[in-house]
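Hello,

Please find the model below. My notes on it come after.

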Amino acid sequence: MKNLRHRWPAVVGLAAAVFQLVTGVQRDTVAVTLSVALLCYLGAAALARPWVAWAGILGGSAVVVVTELAGFPWWAGIGLAALLLVAIGLVAGVPRGPLAWQAAAFLGYGGLVWAALSLSPRLGLLLAGIALAAHAVWDVIHYRRDQVVARSLAEFCILLDVPLGVGAMVLAITGDGAYLPR
């Protein structure tokens, strides 16, 4: 039981992945999950505070909701928030290396999100699943180096990204109706 308490981020990440898989996986939900994760990492680098990544889950989710309530696509709000975070980081004079790496990761993975949203729902779900599962490599790097984000967040993300990403890929390939085309 002591080990389980020590691994709470993994348990919570896995529970979040299972919840999303059980309640239905769509291209957009997987893309939002990846985009919010990218914003969490970028926020931690922009403010040079690893704990900010945890707050970024709520902040990124709020950006998605507020942007859509305002009548704009969620990805526009995520993009504007990312630009704002980079500007804050530059003005604040945070270390340029981590900020540049997180901005590059945001652009790279964000490009995959954009491509996934441009494809048919089934192919988009497949690409979003691949991108989310691949993001786990980024999580492992940060977990091992214990830099930029809190280790607990990287651990949480690994156990969210891999099962949800692989599950999305399987659902896209098998096409068993667990996703809802838009």
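Predicted model: local features only at pLDDT ≥ 70, side-chain atom pairs only at ≥ 80, totals over all residues.

Numbering starts from 1 along each chain as its sequence is written, and side-chain values use heavy atoms, with hydrogens and water left out.

Helix pair. Helices α5 and α6 pack at about 170°, and their axes are 11 Å apart. Helices here are DSSP runs (H or I, at least four residues), numbered from the N terminus. Axes are lines fitted to C-alpha atoms over the stretch in contact, with angles from 0 to 180 degrees between N-to-C directions. The angle makes α5 roughly antiparallel to α6 (over 145 degrees). On the α5 side the contact (heavy atoms within 4.5 Å) is made by W74, W75, I78, A82, V86, G89 and L90. On the α6 side R96, L99, A103, F106, V113, W114 and L117 take part. By class, the contact has 12 nonpolar, 1 polar and 1 charged residues. For these classes, Ala, Val, Leu, Ile, Met, Phe, Trp, Tyr, Cys and Pro count as nonpolar, Asp, Glu, Lys and Arg as charged, and the others, Gly among them, as polar.

Rings. A search of the whole structure finds 3 aromatic pairs; rings of Phe, Tyr and Trp (its six-membered ring) pair if their centres lie within 6.5 Å. The ring centres of W75 and W114 are 4.6 Å apart with planes at 85°, so this pair is edge-to-face (planes over 60 degrees apart). W75 lies in α5 (residues 74-92) and W114 in α6 (residues 96-118), 39 residues apart in the chain. W75 is partly exposed at 36% relative accessible area, and W114 is also partly exposed, at 48%. That class lies between buried (under 20%) and exposed (over 50%), using a 1.4 Å probe and protein chains only. Elsewhere, ring pairs join W8, W54 and F156 into a cluster. The charged end of R151 sits over the ring of Y143, 4.1 Å from its centre (for Arg, CZ within 6 Å of the ring centre and within 35 degrees of the ring normal).

Loop residues. A48 has a positive phi, near 55°, without being a glycine. A48 is in the loop between α3 (27-47) and α4 (52-69) and is partly exposed at 36%. D146, also not a glycine, has a positive phi of about 55°. D146 is in the loop between α7 (121-145) and α8 (151-174) and is partly exposed at 47%.

Regards

Technical notes: Phe/Tyr/Trp six-rings, centres within 6.5 Å; stacked < 30°, edge-to-face > 60°. Helix = DSSP H or I, 4+ residues; strand = E, 2+ residues; numbered from the N terminus. Parallel < 35°, antiparallel > 145°, perpendicular 65-115°, else oblique.
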